[in-house]
Each structure stands twice: as structure tokens, then as C-alpha cells.
2 protein chains.
Amino acid sequence: MGVTKTNHFTDQQNKIASIAKALGHPARIAIIEYLLKVNACICSDIVDELPLAQSTISQHLKELKNAGLIKGSIEGTSICYCIEETTFAMLKQYFADIIVSVNNQKCC
Amino acid sequence: MGVTKTNHFTDQQNKIASIAKALGHPARIAIIEYLLKVNACICSDIVDELPLAQSTISQHLKELKNAGLIKGSIEGTSICYCIEETTFAMLKQYFADIIVSVNNQKCC
DNA sequence: TTTATACATCGCAATATTACGATATATTTT
DNA sequence: AAAATATATCGTAATATTGCGATGTATAAA
């Protein structure tokens, strides 16, 4: 089928999954890491940095933006893409909570 | 094309992406959360818990296992699936480092 | 006003994912 | 040994993702 049964899961589960999915591609990880490396962030830089066509990168940026992982503000003729800190903070917390839960486990 | 250009990215980037990808489905998030909730973990429980066929869940478990997010040990006729703590600890650290990087940013 | 620059979007082809039923396998229980 | 239980694998259909070139759009420079 190929169609995810989104409605059978909680909003929280769908949210985490969609964020994780957005991070589930090496190009998008590379984009995030590049945005962290340089302090200013313009899309054309990324096009030079990655071995992908401009249209492909634009698509990846869109997915990262839809997932709330980056935000873009128009800066003249180019766009300043930046990390959306709160989403990453949320992820960090999510995994921190998992670690706490695991440490309380008796199993295995 | 639909074929990810894995070889153009670093091993670390591909690794993080593949782990994130494995978490990029609500059923797999639900499985992880279920494994955390109950302390013992048998697949048939999960089949009762989730609105998916047994074969589908088995597939999801396989992907989580391949990504190193869970481990399964044979327990008689069933299998005890558990959280692989080190992988989650790695993820937590990865996001923690990102937060630190973002806080050092001057941009935006 | 033309031209250049920086993205975004569209349309398409190749491939991957999701889900399921059917079936296989392996361990218990009877 | 036969039946039951638990899980894995296979085959397949529906849909999603990835990537690219071509093209659209909007701002800035000439």
C-alpha cells in the first residue's frame, strides 16, 4: 500500500515521527550540519556545498522547514535559513526522557 | 530517481540519517514507546497493541533492529525485544551538541 | 527596462516504503 | 508425532520519496 496509517497513532507520535522522517536523509543532515557550521546561511551556499542540484536542495529545505527544523527569512534576493532551536530542544528532551525510562527498566 | 546519493555524505551523516529514518514512522515510534511502557517486551503483545497486521509489525521491528534502536533475544517461543540504550544515548548527545552549537550562533 | 541572481515549483522517471495475506520456520505443548 | 504458538519472510499492490531539468517568480543590478 505505501500509505501510513497516521490516524491510528497519537498526535505526539505522528509529530515525532514526521520530524524524525525529515532528518532521515543524509542530505538533510548535511544541510543541518552546514547551517550549524557557518553562522549565516544562504541557500546558494548550500548548493555549492552539496553534490545535488539546486532544485533538489530546495526540496530538502522545504521538508526541513515543514517539519519545523529550520526557518527561513527573506534577505533581499536570497533567503537566510536557520536552525529552529525549539524543535531540536524538544527532540533532545524526547531522547533524554527515553534514556531515563530505559534506566528504570528491569527487563533485559 | 528515488535513490539516495549515500556515497556523497559522511559515514556519520549516513548513520544519523538511517537512525532518524527508522524513527520516521509513527508505528515505530509507538513500538518504542510501548517497549518503554511495559518492562518486558514480546512481539505478540505489540501485535495486540497496534492496529497493524503481524507481518507489518514484524517488518517494523526488523527496521528498528537494523538501525540499532532495539535488540531482540529469543525467549522460548517468543522474542524479547528491548531498547538499545546506547543508540538512544548517542542520539540524545547528537541533539545536545546541536543545541550548544545553535546557542553559539550569531545569525538570526 | 533588460538582465542577472536566488530560489521555488512542476513534471517526470527510478526506486523505496508501507501494508497485507499467505506461507515458512522454529519452539512448545499435547 | 501432531497441533498450537510466535515470529519471519515472500510476493504484491498502492503510494511516497528522491533527483533532475525545465521553467516560473521575484528582487536587485546594470
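Which residues are exposed on the other side of helix 4 of chain A? They are Gln59(A), Lys62(A) and Asn66(A), where exposed means over 50% relative accessible area, buried under 20% and partly exposed in between (1.4 Å probe, protein chains only). The model is predicted: local features need pLDDT of at least 70, side-chain atom pairs count only at pLDDT 80 or more, and totals for chains, interfaces and linings use all residues. Residues are numbered from 1 along each chain as its sequence is written, chains are lettered from A and ligands numbered from 1 in the order in which they are written, and side-chain values use heavy atoms, with hydrogens and water left out.

Chain A holds five helices and two strands. Their order from the N terminus is α-α-α-α-β-β-α. Helices (H or I, at least four residues) and strands (E, at least two) are DSSP runs, numbered from the N terminus. The C-alpha trace of chain A spans about 55 × 35 × 25 Å along its principal axes. The radius of gyration of chain A is 17 Å, whereas a compact globule of 108 residues would have one near 13 Å. This radius is taken over C-alpha atoms, and the globule rule is 2.2 Å times the number of residues to the power 0.38. Of the 108 residues, 46% count as buried.

Helix 4 covers residues 54-66 of chain A. Its 13 residues reach 18 Å from first C-alpha to last, close to the 18 Å expected at 1.5 Å a residue; the expected span is 1.5 Å times one less than the number of residues. Ile57(A), His60(A), Leu61(A) and Leu64(A) are its buried residues. They lie on the same side of helix 4 of chain A, because they cover an arc of only 100° around the axis. The arc is that of the directions from the helix axis to the C-beta atoms. These buried residues pack against helix 1 (11-22), helix 2 (26-37), helix 3 (43-49), strand 1 (70-75) and strand 2 (78-83) of chain A. Contact means heavy atoms within 4.5 Å.

Gly68(A) follows helix 4 of chain A and has a positive phi, near 80°. Gly68(A) is also among the residues that Thr87(A) touches, along with Ile19(A), Ala67(A) and Leu69(A), not counting residues up to four places away in sequence. Thr87(A) sits in helix 5 (residues 85-103) of chain A. Thr87(A) is buried, with a relative accessible area of 12%.

Chain B can be laid on chain A with an RMSD of 0.0 Å by a turn of 180° and a shift of 0.0 Å along the axis. That is the relation of a two-fold axis. Copies are superposed by least squares on the C-alpha atoms of residues with pLDDT of at least 70 in both. The copies meet through the same surface, because 100% of the interface residues of chain B are also interface residues in chain A.
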